[in-house]
Amino acid sequence: MTGESRGGEGIGSGAGDDGGVGGVGGAVGWSVVEAAVPELAGQVRERFGAYRHHVLATLRKDGAPRLTGLEADFRHGELWLGMMVGSRKVSDLWRDPRFALHANPGPGADLSGGDVRVSGRAVEVTDRALVARYAAAVKPPEPFHLFRAELTEVVRTSTEAPYVVVETWSPDGPAAGRPGRRAPWG
């Protein structure tokens, strides 16, 4: 489901409007990230687009982490997470919507494009018309659950020899209009 599509009938507004399920305190939709830090957002979206499958972290009932594979989809200003009915990750997110999504690092150790992850809360989309529009556009295996990512953090780690560069962004962090940059080793 990884991809970017613009134009045609919108699936979401990009501002957390999904037909009744609004943003979750301190978390924002993908379009807000794109508006606030377009360069970082583009690099993150490109990195996720390099491979189809990524790693989703959720919390089990006992609080332990659960890692599972997932296809993520950037479409119409949102980051969408589609999941099979009956999957444990759906049960985890119903109980506790917090998640982290790590982009597939690909083969080798060069991390071309950087190492990328996003964190936040998954908001289940229950509006039938919206789910139907998504299904028509993406054609996922049905039935499925659809979640919209409300982000609390975006992180990209890359190298600029001789440094390791960590870029972070959060909607309520200092300098929320631009990513933090550190070079911890030099």
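This is a predicted model: local features need pLDDT of at least 70, side-chain atom pairs count only at pLDDT 80 or more; totals for chains, interfaces and linings use all residues.

Q: Okay, which aromatic pair does F74 form with F48?
A: A tilted one, with 5.8 Å centre to centre and 50° between the planes. Rings of Phe, Tyr and Trp (its six-membered ring) pair if their centres lie within 6.5 Å; planes under 30 degrees apart are stacked, over 60 edge-to-face, and the rest tilted.

Q: And where do F48 and F74 sit?
A: F48 is in helix α2 (residues 38-49) and F74 in strand β2, 26 residues apart, so this pair links distant parts of the chain. F48 is buried too, with a relative accessible area of 0%. Helices (H or I, at least four residues) and strands (E, at least two) are DSSP runs, numbered from the N terminus.

Q: How many aromatic pairs are there in the whole structure?
A: The search finds four. One of them is W30 with F74, edge-to-face at 4.8 Å centre to centre and 65° between the planes. W30 lies in helix α1 (residues 30-36) and F74 in strand β2 (residues 65-75), so the pair ties together parts 44 residues apart in sequence. W30 has 0% relative accessibility, so it counts as buried. Together, W30, F48 and F74 make up one aromatic cluster.

Q: Switching topic: what's the overall layout, helices and strands?
A: The protein has four helices and eight strands, following the pattern α-α-β-β-β-α-β-β-α-β-β-β along the sequence. Of its 186 residues, 42% count as buried.

Q: Which residues are on the covered face of strand β4?
A: F99 and L101 are on the covered face of β4 (residues 98-102), while R98, A100 and H102 are on the uncovered one.

Q: What does β4 pair with?
A: β4 pairs antiparallel with strand β1 (residues 53-59) over three bridges, and L56 stands opposite L101. Five bridges also join β4 to β5 (residues 115-124), again antiparallel, with R121 as the bridge partner of R98. Two strands pair if DSSP finds at least two bridges between them.

Methods:
Residues are numbered from 1 along each chain as its sequence is written. Side-chain values use heavy atoms; hydrogens and water are left out. Buried means under 20% relative accessible area, exposed over 50%, partly exposed in between (1.4 Å probe, protein chains only).
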